[in-house]
Amino acid sequence: MSRLEVDLPGLHLKNPIMPASGCFGFGQHYAELYDLNRLGAIIVKAATLEPRKGNPTPRVAETASGALNAIGLQNPGLDAIMTEKLPWLNDRFPELPVIANVAGSTEDEYVAVCRRISTAPNVAAIELNISCPNVAHGGMQFGTDPKMAAELTRACKAVSQVPVYVKLSPNVTDITVIAKAVEAAGADGFSMINTLVGMQIDLKTRKPFLGNRTGGLSGAAIKPVAVRMIDQVRHISALPIIGMGGVSSAEDALELLMAGANAIAVGSANFGDPQACPHIIDALPKAMDQYHIETIKSLSTNL
Amino acid sequence: MSRLEVDLPGLHLKNPIMPASGCFGFGQHYAELYDLNRLGAIIVKAATLEPRKGNPTPRVAETASGALNAIGLQNPGLDAIMTEKLPWLNDRFPELPVIANVAGSTEDEYVAVCRRISTAPNVAAIELNISCPNVAHGGMQFGTDPKMAAELTRACKAVSQVPVYVKLSPNVTDITVIAKAVEAAGADGFSMINTLVGMQIDLKTRKPFLGNRTGGLSGAAIKPVAVRMIDQVRHISALPIIGMGGVSSAEDALELLMAGANAIAVGSANFGDPQACPHIIDALPKAMDQYHIETIKSLSTNL
Amino acid sequence: MIQEKLTLVAQEQLTDNVFEMVLKGQMAHEPVTPGQFVDVKVPDESLLLRRPFGIASVDPNRDEIRLVYRTVGKGTHLLSELPVGIQLDTLGPLGHGFPTAFLKPGQHALIIGGGTGIPPLYELSRQLNQMGVVVTHAIGFGRRDQIFYADEFRALGEVAYATDDGSYGFHGHIGMLLDAQFNDRQFDAVYACGPRGLLMAVDNRYRDHPHAYISMESRMACGMGECAACVVAAKRKEQLLKVCSDGPVFATGKVEI
Amino acid sequence: MIQEKLTLVAQEQLTDNVFEMVLKGQMAHEPVTPGQFVDVKVPDESLLLRRPFGIASVDPNRDEIRLVYRTVGKGTHLLSELPVGIQLDTLGPLGHGFPTAFLKPGQHALIIGGGTGIPPLYELSRQLNQMGVVVTHAIGFGRRDQIFYADEFRALGEVAYATDDGSYGFHGHIGMLLDAQFNDRQFDAVYACGPRGLLMAVDNRYRDHPHAYISMESRMACGMGECAACVVAAKRKEQLLKVCSDGPVFATGKVEI
Ligand SMILES: Cc1cc2nc3c(=O)[nH]c(=O)nc-3n(C[C@H](O)[C@H](O)[C@H](O)COP(=O)(O)OP(=O)(O)OC[C@H]3O[C@@H](n4cnc5c(N)ncnc54)[C@H](O)[C@@H]3O)c2cc1C
Ligand SMILES: Cc1cc2nc3c(=O)[nH]c(=O)nc-3n(C[C@H](O)[C@H](O)[C@H](O)COP(=O)(O)OP(=O)(O)OC[C@H]3O[C@@H](n4cnc5c(N)ncnc54)[C@H](O)[C@@H]3O)c2cc1C
Ligand SMILES: Cc1cc2nc3c(=O)[nH]c(=O)nc-3n(C[C@H](O)[C@H](O)[C@H](O)COP(=O)(O)O)c2cc1C
Ligand SMILES: Cc1cc2nc3c(=O)[nH]c(=O)nc-3n(C[C@H](O)[C@H](O)[C@H](O)COP(=O)(O)O)c2cc1C
Ligand code: FES
Ligand code: FES
């Protein structure tokens, strides 16, 4: 068994590193830079039932050691994803586990997407995005209300052919309340954290810089919040956690794993270094040696 | 009238810049570097009724463009503050408005401190710290429950001789709920934001690095969250806001003012540059010229 | 597209706030369409996003790529202070550049540029010259002292300058210069890069021209078509185009500017 | 204490991961008690906190301060790559250093140091020498190739080395060296700086010595006594002391190590 291998519900990962949803699209252009088979898995961009145009531009702003984004779930819609995007990945990287990020404005929409996308041959798990801060309807409001979060989870679990990881929002007073609620509703695991809601003002116009006024804060800036919340959820649940938030090095990945994560997603670090994922994967064994870590699995006391 | 002048309840400020609570003590050592009279005001370290020993060390950790701290309200207690610390400031800087940061474990303790500290000749306002994330009792729990926050505000207002600014916690699902509650309870203004709860893991020990496990995240990393929350509160209240969170330049200060703040506190930037406050004050006029801002007051559409 | 650590072999200040960097590496051997850009990682941990810059010229013989940039914010200020010898993590060439294959020797092209939109037009003009195309340049700056690459462009063809304050050439912006001096001149191709106002003027003026192209700017994150940060709306269509991968060059009349 | 932009005039690699910087400025004219430190702003936006370093030597005639540091994390790695000529925002001298005024010419002092605790002891030894005090050094390193300032210390007095692996001098840690070679030697003053184990050994050994001092490290934020980040508990007292302003030097037996 490899030192980097991890097994989670639905996911046999040869290493714990995968790109986070929305920062990597469906990987097509990244595949020009490196072989996507090197990844543990790939979390693809959010899918909604109908195509979405997303938010007005500008959609991204840089902040200290981070970025704000308000893409607004622009995506070609479930049909195109099922007939073009996922098959493209399946043709070229049939062994690469795909985690499908699912979003919607209503429970019905989430359910419809989960039902169909979970039948795609290469979709190994669903990441239920109840925490997108950048859309007016659905998204985060599902993720901040434990009742709604639980109901949505139950409904999606009922129709999904694959395990469902619920993506938690950090924009809450107590993340364990939501985590407990979705665990009780049948979630197979958590994915956390999504972005913190933030804003930047354009000094020239004195108005919010982003077209959507607010955006989601990601990057190294939020890593301490991610570590804290992963630790909190690990203390109240033994479910697997795909940890993310500011990871850009092997050391960062180990930090989130030690906090309680079982696998790691890398989001905005891909913007600074498009080969962030393979660079982290390559650096892991040496970093593990340095901290006397035999296997990644050994860090996961819960599994 | 000076371009930098601002008038808030209890506070006539010759400029909008003041050190934030806890990052500047009572200013005694900073006074060796520059004349504290240059400050708009000074927010001093939290006062509790009895002396507090604070948290185990290490109490501070560096993060990307920020820091985590878990000082835990170490302070010499109300008596020493009334008889030594505040008189020291009053003797040397009698014109410098002091904002007393008040903390406690129980409502009675808060009330006792407010009652007495508000009688100090140089205390111009109270900053009610209902948002300290680093103490087991009191602190943040008052700041995340709108009912408790309102009751505490009412009780402190009833005994305070000076206006009371309530310091809001960013660790909540909806900050406007707390802001509305404390406004209804008689708060004279808000001060925001306190730190975000975060954690760092020491890879060598695989345990939380800070003695207190978690700490409060401050610095440039959190500025986008501060801007967003100030904007949110400005939209539901016309009360004055002392804005803080990641300010380290005149541009940062203008950004928070444009978001809706009326004055600015500078916290962890003092660690990077102990003369951060005078440097920002000196840089303001040129930055205001660049963005065609006549006076700081003119940015405050609420007052 | 490759990702490579290029070596900064020279850095020169061209004007008050415009710098030219010479970067050395294998990337100079990638096929470059003028108008394509590179995405540069500024060596500062606090700056997460890369900075896009048009490729101002390529010299495969010397393994060199030149960028010309204006210092506007933190990233470009830091770049301008970098010492020769440093390695700059660079991604490129990115995007779609200006189409030129349809042109024949002896045909006429008009190149319209303003400010820091000018750099990629230099490589364009060089390649057109090598193809035997006759190039005319209409170039706008704020003031005389902001002009850079004057000799370089002059060596490649006629140059008409406009300055906002009249301190050099035509007094007024580029749109006015075109109205004043180019109304009765026909070109087989028109290429433009520059500030929004310039692009709007060119887009409007040449919207029916079969070979008129503009190069757009947009806030980017991934720089290669995967994050949807940089979109512009297609004109008369329910479609969003990505500046980084569908552009930055678009035919006139195609996108909302 | 002043805050000043010091100029980096020289930087030298002393061992595999230890560097010496020479900084020039008016700060060299401030009165420095050996054991005091400076707090250096690493020129990187993502690093908020300053880095504390003991002052390894001061030369007011040349306006120079020397620091010797080991590269352990981001800040010190960045420092080690800085080019000569750069300005480093420095705060200092900070804290309370080693008391020496009680010593008379001809009296004997023992200086005990380990690793990167050694730098401030060099300035101490120099000042003691100038006072006519006879200085003996007991210095510990991990391995022979980690030793620095060997000639410098030898010029100031007797030096006994200990290495963890026995590759130079005594085989073992400093506490063992003291037991083996210093049990029957008396000193009028004892000074120590180094890792926690060394300080505990010295604190224990010399807890009743009237003039024995240790220098502590602690995580700092303000560096000047205002934030309470750096506290240590006083022994046998309900009191917290600030390493940055009450220390970093404390008499033995006074603080919990
Ligand atoms: C395809 C393309 C080609 C370009 N070519 C050139 C060129 O050849 N020469 C040149 O001087 N400039 C060029 N620019 C603009 C250049 O990218 C910005 O001036 C630069 O990114 C500013 O970085 P900064 O850190 O100094 O500014 P900051 O304002 O501090 O940057 C903050 C963030 O905003 C982004 N940003 C700021 N201004 C722009 C802008 N105008 N366009 C896109 N992103 C921006 C930065 O990349 C960064 O992510 C080009 C832009 C694009 C999109
Ligand atoms: C009073 C005093 C004097 C010192 N003198 C010297 C000296 O002369 N030579 C030398 O090599 N080192 C000395 N140190 C230790 C030195 O400050 C750290 O090695 C350095 O701050 C590490 O910075 P970094 O960015 O490389 O490490 P990182 O681990 O990346 O730093 C992260 C944060 O932790 C702090 N930190 C890390 N290690 C220490 C430490 N051991 N003590 C205090 N803070 C730490 C950093 O300052 C920074 O805030 C001294 C420490 C103190 C308190
Ligand atoms: C540009 C961008 C787009 C994103 N899109 C999505 C998305 O579609 N669905 C989702 O669940 N999360 C999305 N996220 C959030 C990331 O998946 C991730 O949770 C977050 O960025 C924190 O990780 P990081 O700090 O490594 O970026 C997006 C983030 C960014 C920066
Ligand atoms: C070391 C430290 C100590 C602090 N102590 C207090 C405190 O006693 N009372 C309080 O209300 N806030 C305290 N704060 C929070 C700051 O006042 C401020 O709200 C926060 O740091 C955000 O501002 P900044 O990003 O400018 O630091 C402390 C912050 C730091 C970094
Ligand atoms: S910048 Fe990511 S798609 Fe264009
Ligand atoms: S570091 Fe602030 S009191 Fe010592």
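This tour moves through a predicted model, stop by stop, with something to select at each one.

**Before you start**

Residues are numbered from 1 along each chain as its sequence is written, while chains are lettered from A and ligands numbered from 1 in the order in which they are written. In this predicted model, local features need pLDDT of at least 70 and side-chain atom pairs count only at pLDDT 80 or more, whereas totals for chains, interfaces and linings use all residues; side-chain values use heavy atoms, with hydrogens and water left out.

The predictor assigns the complex an ipTM of 0.97 and a pTM of 0.97. Chain C averages 96. There, 100% of the residues score at least 70.

**Stop 1: ligand 1**

Select ligand 1 and the 21 residues around it. A residue counts as near if one of its heavy atoms lies within 4 Å. C:Pro52, C:Gly75, C:Thr76, C:Glu217 and C:Arg219 come nearest.

Now show polar contacts, which are pairs of N or O atoms within 3.5 Å; within protein, one must be able to donate a hydrogen and the other to accept it, and residues adjacent in sequence count only if both atoms are side-chain atoms. Pick C:Arg219: an N or O atom of its side chain is 2.3 Å from an oxygen atom of ligand 1. At C:Gly75, a polar backbone atom is 2.7 Å from a ligand oxygen.

How much of ligand 1 does the protein bury? The figure is 85% of the 820 Å² that the ligand exposes when taken alone. Such areas come from the Shrake-Rupley method with a 1.4 Å probe; for residues, only the protein chains shown count as cover.

Strand 4 (51-54), strand 6 (64-70) and helix 1 (74-80) each give two or more residues to the shell. Strand 4 has the largest share, with four residues.

Zoom out to the domains, whose bounds come from an automatic or database assignment. Ligand 1 lies between domain 1 (2-94) and domain 2 (108-251) of chain C, because both give residues to its shell.

**Stop 2: ligand 2**

Move to chain D. Ligand 2 has 21 residues around it, and the closest are D:Pro52, D:Gly75, D:Thr76, D:Glu217 and D:Arg219. Select D:Arg51: a polar side-chain atom lies 2.8 Å from a ligand oxygen. D:Gly54 places a backbone N or O atom 2.9 Å from a nitrogen of ligand 2. For D:Gly73, a backbone N or O atom is 2.9 Å from an oxygen of the ligand.

On its own, ligand 2 has 830 Å² of accessible area, and the protein covers 85% of this. Strand 4 of chain D gives the most to the shell, four residues. Domain 1 (2-94) and domain 2 (108-251) of chain D each supply at least three.

**Stop 3: helix 7 of chain B**

Select residues 250-259 of chain B. Is this helix largely enclosed or open? Nine of its ten residues are buried (under 20% relative accessible area; exposed is over 50%, partly exposed in between; 1.4 Å probe, protein chains only), so the helix is largely enclosed by the rest of the structure. Among the buried are B:Leu254, B:Leu256 and B:Met258. B:Gly260 follows the helix, with a positive phi near 135°.

**Last stop: D:Gly169**

Find D:Gly169 in the loop between strand 10 (158-163) and strand 11 (170-171) of chain D. D:Gly169 is exposed, at 52% relative accessible area. Draw a line to the C-alpha of D:Gly85: the separation is 38 Å, across 84 residues of chain.

Note on methods:
pLDDT = per-residue confidence, 0-100.
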